[in-house]
Amino acid sequence: MLGFLVRLLPFWIREPLIILVGTVFGVRILFMALVDGEGWVPAVIGAVFLLGAALRVRVVVHALRARRRRAPATEAELEPVTPAPVIPAPVTPAVRRPVEKKPNAFAQASFAIGLFAVIGGALWIEGKLPEDGTAATGASRPAACRLDEDEELPSAYRSTPGVVTGADLCRALNRTELPELLGTPAERSVYASGTDNTAPLTDRKVAQPEARVEFETYTVELSATYNKLTVAQYAKLTTYGDGRDARKLTVLGRPALLTSDHMMKIQFDLGSGEGASGPVEQGPLARTLTVAFDGKDRGGSYDLTVWSEAGLLPDDSALVDIAEAVLPRITRGARDQD
C-alpha cells in the first residue's frame with residue numbers, strides 16, 4: 001500500500017524523497033552496526049539502503065540533464081520567410097484547450113527538502129528521548145542483550161516453578177542507570193548477554209540463568225540459583241575458608257552476604273602464534289553480593305558479582321544499590337516457561 005502511494009507522487013517529489021529517506025535510514029543502521037556493535041547483518045542492510053539511494057541519485061541526474069538539453073535553432077529558422085499567397089479557406093472555430101502547466105521543479109525540490117528536514121528532525125529527537133521515562137542525561141544507550149533464542153531450554157527450567165531466564169536477568173540488569181550506580185556515569189555498556197545455564201555438579205537438574213554486562217572499567221554478572229541452599233547455610237560455609245571479607249547484611253528485607261573471591265583466567269592458543277595454551281590461572285578479585293529469594297530464606301538466591309581486569313572494585317554500597325535497583329525489576333516474560 002505504501003509503495004502504491006509513493007508511485008502516485010510526481011517524479012520530482014518521489015525521487016528526492018526516496019533518496020533522502022534511504023540515506024537517513026542507511027546512515028542510521030550503519031551507525032547501529034558499527035558503533036553499537038549490532039553485528040554484520042545491520043551493516044549489510046544499511047549498505048543496501050545507501051546503494052539504493054545512490055542509484056536514485058543517478059536517475060535524477062539523468063533526468064535533469066535531459067530536461068536541460070535543448071536543440072539549438074538553425075540559421076534557416078532564424079531568417080524571415082516571405083509568406084506565399086494563401087487561398088482563403090473556410091474558417092473553423094478554434095477549440096481552446098486548457099494550457100498544460102509544467103511542474104515547478106523548484107517548488108517540488110523545496111517540498112522534498114522540507115520533508116527531509118522533518119524526517120531528520122524526528123529521528124534526531126527520537127535519539128535524544130530518554131528511555132523508560134527517565135530524564136535525559138546525555139548518556140548513550142546500553143548495548144542490546146545477546147540471547148540464544150533458538151536454543152531449547154534445559155528441562156530444569158520447565159520443572160522449576162517461577163524460574164526466570166537469562167533474558168529476564170539481562171533485561172533487568174542492563175539499565176541506563178547502571179554506570180552511575182557503579183560510579184562511572186560517563187561509560188556505557190559495550191556488551192550484554194543472557195544465558196540459560198544449569199548449576200555445575202547437579203547433572204543439569206538445577207537451573208542457574210546468568211546475565212553479564214560489560215563496561216570499560218567493570219564487568220557485572222547477575223545469576224539466579226534455584227537450589228535448596230539458604231544464604232544462612234552459605235554464610236556458615238564461608239567460615240571454613242578465607243571468610244575475612246565476608247559480611248552479613250539485609251537487602252530488600254532479605255538475608256544477604258558479601259564475599260570476595262578471585263575469578264578464573266584461562267588462556268587458549270587459537271593458532272595465531274600470539275599466545276600459548278596453559279592451565280587455569282587466578283584472575284582478578286571479584287566482589288559478590290548474595291541475596292535470598294525471599295525474606296524467610298527458604299533456599300535459592302541471586303548472586304550479583306562485580307570485577308575489573310585492573311583489579312579495581314567499587315564500594316560495597318554500590319553493589320547494594322545495584323541489587324535494590326535491579327532485583328525488583330526481574331520478571332518473567334522473555335520466553336514461554338510453561
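I am working from a predicted model.

**Entry: two loop leucines**

With those terms I looked up Leu201, and its place is in the loop between strand 2 (191-198) and strand 3. I noted its phi near 60 degrees, a positive value in a residue other than glycine. Is Leu201 buried or exposed? I found it exposed, with a relative accessible area of 91%.

Then I turned to Leu252, which sits in the loop between strand 5 (247-251) and strand 6. Its phi is near 55 degrees, again a positive value in a residue other than glycine. Leu252 counts as partly exposed because its relative accessible area is 36%, and that class runs between the 20% and 50% cut-offs.

**Entry: the second largest pocket**

I went on to the second largest pocket and read off a volume of about 820 Å³. Which residues lie nearest its centre? They are Ser223, Tyr234, Thr288, Asp303 and Thr305, out of a lining of 31 residues. The elements that give two or more residues to this lining are strand 3 (207-214), strand 4 (219-225), helix 9 (231-238), strand 6 (254-265), strand 7 (281-292) and strand 8 (301-307). Strand 6 supplies the largest share, five residues.

**Entry: a nonpolar patch**

Next I checked the surface and came upon a nonpolar patch made of Phe25, Trp40, Val41, Val44, Ile45, Val48 and Phe49. Together these residues have about 670 Å² of accessible area. Helix 3 (residues 40-68) gives the largest share of the patch, six residues. A reminder to myself: an α-helix has 3.6 residues a turn, so residues three or four places apart point the same way.

I looked up Arg158 in helix 6 (residues 155-158). Arg158 is partly exposed, at a relative accessible area of 47%. How many residues separate Arg158 and Ala207 in sequence? I counted 49, yet the C-alpha to C-alpha distance is 9.3 Å.

Last, I viewed helix 7 (residues 166-173), which is mostly covered, with seven of its eight residues buried. The buried ones are Gly166, Ala167, Asp168, Leu169, Cys170, Ala172 and Leu173.

Methods
Residues are numbered from 1 along each chain as its sequence is written. This is a predicted model: local features need pLDDT of at least 70, side-chain atom pairs count only at pLDDT 80 or more; totals for chains, interfaces and linings use all residues. Side-chain values use heavy atoms; hydrogens and water are left out. On a 1 Å grid over the protein atoms alone, a cavity is a set of points where a 1.4 Å probe fits but cannot get out, and a pocket is an open set with protein on both sides within 12 Å along at least five of seven lines; lining residues have an atom within 4 Å of a point. Grid points are joined across faces, edges and corners, and a volume is the space filled by probe spheres set on the points. Helices (H or I, at least four residues) and strands (E, at least two) are DSSP runs, numbered from the N terminus. Patches are made of residues with over 30% relative accessible area and no salt bridge: like charges are joined within 9 Å, nonpolar side chains (Val, Leu, Ile, Met, Phe, Trp, Tyr) within 5 Å. Accessible areas come from the Shrake-Rupley method with a 1.4 Å probe; for residues, only the protein chains shown count as cover. A salt bridge is a side-chain nitrogen of Lys or Arg within 4 Å of a carboxyl oxygen of Asp or Glu. Buried means under 20% relative accessible area, exposed over 50%, partly exposed in between (1.4 Å probe, protein chains only).
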